[in-house]
Amino acid sequence: MTKATLLGTPAVREPREPRRTGSSYYIRTFGCQMNEHDSERIAGLLEADGMTRTDDAADADVVVLNTCTIRENADQRLYGYLGSLKADKQKNPGMRIAIGGCTAQKDKEIVRERAPWVDVVFGTHNIHRVVDLLDRADEWGPVTEIWEESGSPDDAPSFLPTRRESEHSAWVTITTGCNNSCTFCIVPIVRGPEISRRPGDVIREIQRLAEEGVVEVTLLGQNVNSYGRDLDLNGRQPLFADLLRRAGEVEGIDRIRYTSPHPKDIQEDVARAMAETPSVAAQLHLPLQSGSDRILSVMHRGYTGRRFLDKLTMARRLVPDLSISTDIIVGFPGETDADFAATLAVVEESRFDSAFMFQFSPRPGTPAASMPDHVPVDVVQERFDRLVEMQNAITYQRNQARVGMIERVLTEGPSRRNPAVATTRTEGNRIVHVDGVHEPGRFLDLRVTRAAPHYLEGTLV
Ligand code: SF4
């Protein structure tokens with residue numbers, strides 16, 4: 001490696017001949033869809049450098065952990081896993097261990113302190129540098145590179161090679177970072193302010209995916225409804241609703257999803273774009289978090305329980321047969337029985353098709369972590385159990401209402417439990433099992449014959 005290469009840290013790597021041909025890499029992802037998508041890019045970069053994937057970390061030449069810091073147990077799992085990798089590295093001293101993602105971004109010193117055998121620590125805006133950083137670690141020993149200032153859209157470029165987990169479905173990042181300040185959330189700290197990709201770049205990426213055989217894309221952003229507010233296209237800001245419509249025109253893409261909208265920001269224009277764009281799925285993931293106006297205010301969410309319900313009414317009025325999922329946190333600091341009752345009331349009225357429910361876990365560095373009145377663990381558990389019971393019953397009822405309906409599903413592959421059965425997914429994001437072997441990535445019409453609490457069964461029409 002030349003000195004010039006070492007000193008120069010270009011925003012994007014120059015193409016080079018693969019240097020790691022014949023060696024292997026293992027990658028493990030913790031956390032959200034954004035991380036899964038980042039891992040696909042990291043895998044793509046490593047494969048462009050000649051590496052092949054292995055499912056066994058102990059034998060890998062390079063181990064990459066793409067980390068999450070949204071919940072405390074994700075940190076515990078990471079450090080537990082790093083402990084086992086230490087033993088693997090002692091047997092295989094040539095192994096390089098790289099830690100990326102949100103924990104690396106936020107806790108670089110702690111990672112170094114707790115796991116000094118890690119070779120590379122890289123931040124959420126440094127993904128495109130992973131191969132160069134491995135080179136530097138080979139040459140000079142442990143290296144840390146973390147985004148400190150505002151990033152740029154080129155930090156998450158669409159032109160990075162990507163090794164997708166699915167041949168027919170793909171993520172497409174439309175924004176990175178977040179300008180909100182929800183008091184429980186670490187994302188603005190570890191991912192920085194919101195940066196939108198230009199609509200032309202997003203559409204070109206979707207077109208390229210369609211040419212590669214992708215039929216379903218999921219547009220990713222922390223708050224997709226504020227997409228474009230930081231852009232200036234000849235004096236005009238692009239809107240998310242316009243982006244949805246343009247994405248809907250890409251030939252070959254038959255299903256478009258997006259996540260996540262923000263209840264305070266979603267407006268009629270987005271619901272109309274969903275209803276009027278045939279390939280946009282009638283599916284909405286709208287995070288409620290709490291039904292208590294007081295807790296929502298302390299969370300800095302910018303809406304009330306009633307306002308949230310009004311948004312659901314608006315979306316259901318404009319988008320026929322809309323399927324709605326949500327996120328809910330139980331046991332936020334100061335949550336009283338009355339606050340929790342308000343959450344149950346909103347959940348009951350919302351009739352969510354499904355929900356991701358969490359017990360509050362303080363994240364160091366967030367305002368909520370230092371708030372007083374943490375709710376006792378047993379109280380949180382009891383409330384959580386009641387919420388899960390209520391939502392599970394609603395989910396089951398919503399599933400039962402689908403029996404007899406025809407659903408257009410996308411095949412995903414054989415069921416993990418029974419290879420004679422294929423797993424498919426409806427427009428509303430429900431799983432439907434159907435007998436037989438069906439190639440992944442095909443659309444089928446199924447009649448729903450049976451509902452289980454968390455999936456459906458169907459037969460070919
Ligand atoms: S909107 Fe709130 S919860 Fe979502 S990423 Fe931004 S700060 Fe976090």
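Predicted model: local features only at pLDDT ≥ 70, side-chain atom pairs only at ≥ 80, totals over all residues.
Which residues surround the ligand?

View 1. The ligand has C178, N180, C182, C185, V187, P188, Q222, N223 and H262 around it. By type, the residues of this shell divide into five nonpolar and four polar. The shell holds no charged residue.

**View 2. The cis peptide bond from T259 to S260.** The bond that joins T259 to S260 is cis, and its omega is near -5°. S260 lies in the loop that runs between strand 11 (255–259) and helix 10 (268–276).

**View 3. R351, a residue other than glycine with a positive phi.** R351 belongs to the loop between helix 13 (337–350) and strand 14 (354–359). Phi of R351 is near 55°. Is R351 buried, exposed or partly exposed? R351 counts as partly exposed because it has 14 C-beta neighbours inside 10 Å, and a residue is put in this class when its count falls between 12 or fewer (exposed) and 20 or more (buried).

**View 4. N429, in the loop between strand 16 (421–426) and strand 17 (431–435).** The backbone angle shown here is phi of N429, which is near 75°. This is a positive value, and N429 is a residue other than glycine. How many other C-beta atoms lie within 10 Å of N429? There are 17, so N429 is partly exposed.

Conventions:
Residues numbered from 1 in each chain as written. Helix = DSSP H or I, 4+ residues; strand = E, 2+ residues; numbered from the N terminus. Near = placed C-beta within 6 Å. Nonpolar A, V, L, I, M, F, W, Y, C, P; charged D, E, K, R; others polar.
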